[in-house]
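Good morning, and thank you for making time for this presentation.

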Amino acid sequence: MEATGTDEVEKIKSKFMSAWHNMKYSWVLKTKTYFSRNSPVFLLGKCYHFKTDESGELPTDGSNFDKINTEISGNVEEFRKDFISRIWLTYREEFPQIKGSALTTDCGWGCTLRTGQMLLAQGLMLHFLGRAWVWPDALDIDNSDSESWTAHTVKKLTASFEASLTAEREPKILSNHHQGTLKRNCDANEMRNEVYHRKIISWFGDSPLAAFGLHQLIEYGKKSGKIAGDWYGPAVVAHILRKAVEEAREPELQGVTVYVAQDCTVYSSDVIDRQCSFMDSGNADAKAVIILVPVRLGGERTNMDYLEFVKGILSLEYCVGIIGGKPKQSYYFAGFQDDSLIYMDPHYCQSFVDVSIKDFPLESFHCPSPKKMSFKKMDPSCTIGFYCRTVQEFEKASEEISKMLKSSSKEKYPLFTFVKGHSREYDFASSPLHEENDLFSEDEKKRLKRFSTEEFVLL
């Protein structure tokens, strides 16, 4: 009886927390983000120009499209479509209870897990869909000026959730999507892409069975001393993502692996070993690899000397973003303009969507408007991500990034390094590819605990 009472208290606390975060962050979602017409905008390796004869700033919510000439309007819409096509993963509420707790929401503590999910989702999108892919229905997402985006979305999500309980669909909400799908049925390639689009999102669903869902990530986090409700730093999340990909059983995911740099060092032979481990099981092709590099961009504050390097990294098409943020808030950084970073914010709490239902609503997994933040406000702790499809791509990327590190470093030592050989050759314990009895080695546990104490607290 006492346990039941405690559970009820936890549920009430969760509801208050969700309401507080929605009140706190909803105004941010409503606020227009302005971009300069005179500077290029970079988004995960793609460059967009909004330049016109007029000076000033340009909102990217579509409100001033009629005032822009055709050529520039097209480029703005291309940027919006590209940005909206990225997968947005935010706080959720009313999902199945997390094992070992009474929590049915990650509101207030799960933001770094969400930004980690977004980075991994971008890696999987590159793997299955390619960087050129955009969601055909991206510009159909409403960003109404007459009604706050928050209120509008809450209504849509509530209707979608209620419909999902009865396995019915609200015609008004999904009519545009279904009409578009019927028109595109003849295109086999688009159909295949849409299948993978939905499949990737489903792997991040908020249910115990989802390969990269919050429930699974928390289970792997327990091995590093974390439990549901704790705060997670970017480095800890990097190791959790690696374990999640290693343990995934979906056939499509067997061709992807994750490598986490050790003490700001990427050991090339260790990476290639991970990529070629697929060949041992009789497969001719090597695995694609997502490389995660936990770093610090300064001491107490971010060192502005690293700005050009961060911009250079986000200019690469094989970059999958940065898990970072500012003190007490984690963001997923995906681009920049001038000295401002472009990001997606996970802090808005949305309703649970059952991704196991056929044709589940996609709108809440795509962010309608980008946000910007000055680089100098960025917390120095972050994790940088890259995707390489082949060994040759990895070798090319390591050479390109090494040159970038060397040219951007004003300090004696670069931010991180690529080293030939295995980590064991440098007297470091090599992370085993497969561990039967324990998901984390003793060396990894020590490293994760160190990261846990050094990194900033995320709310």
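Predicted model: local features only at pLDDT ≥ 70, side-chain atom pairs only at ≥ 80, totals over all residues.

Helix α3 passes helix α6 in a right-handed crossing; a crossing is called right-handed if the near helix is turned clockwise from the far one by less than a right angle, and left-handed if anticlockwise. Helices here are DSSP runs of H or I with at least four residues, strands are runs of E with at least two, and both are numbered from the N terminus. Residues are numbered from 1 along each chain as its sequence is written, and side-chain values use heavy atoms, with hydrogens and water left out.

Two packed helices are described by the angle between their axes and the distance between the axes. For α3 (residues 111-128) and α6 (residues 188-203), the angle is about 155 degrees and the axes are 10 Å apart. The axes are lines fitted to C-alpha atoms over the stretch in contact, and angles run from 0 to 180 degrees between N-to-C directions. The two helices are therefore roughly antiparallel, where over 145 degrees counts as roughly antiparallel, under 35 as roughly parallel, 65 to 115 as roughly perpendicular and the rest as oblique.

Which residues make the contact between α3 and α6? From α3 they are A121, L124, M125 and F128, and from α6 they are R192, Y196, I200 and W203, contact meaning heavy atoms within 4.5 Å. By class, this contact has 7 nonpolar residues, 1 charged and no polar. Nonpolar covers Ala, Val, Leu, Ile, Met, Phe, Trp, Tyr, Cys and Pro; charged covers Asp, Glu, Lys and Arg; the others, Gly among them, are polar.

Helix α3 also packs with α8 (residues 234-247), at an angle of about 50 degrees and with the axes 10 Å apart. That angle makes α3 oblique to α8. This crossing, too, is right-handed. Here T112, L113, G116 and L120 of α3 meet P234, V237, I240, L241 and V245 of α8. The classes are 7 nonpolar, 2 polar and no charged residues.

Leaving aside neighbours within four places in sequence, the contacts of L214 include W109, L113 and R114. The C-alpha atoms of L214 and R114 are separated by 8.0 Å, although the two are 100 residues apart along the chain.

Finally, two loop residues. C264, between β6 (256-260) and β7 (265-267), has a positive phi near 60 degrees and is not a glycine. D338, between β10 (329-337) and β11 (340-344), likewise has a positive phi, of about 55 degrees. C264 is partly exposed at 29% relative accessible area, and D338 is partly exposed at 38%.

Methods:
Buried < 20%, exposed > 50% of the residue type's maximum accessible area, 1.4 Å probe, protein only.
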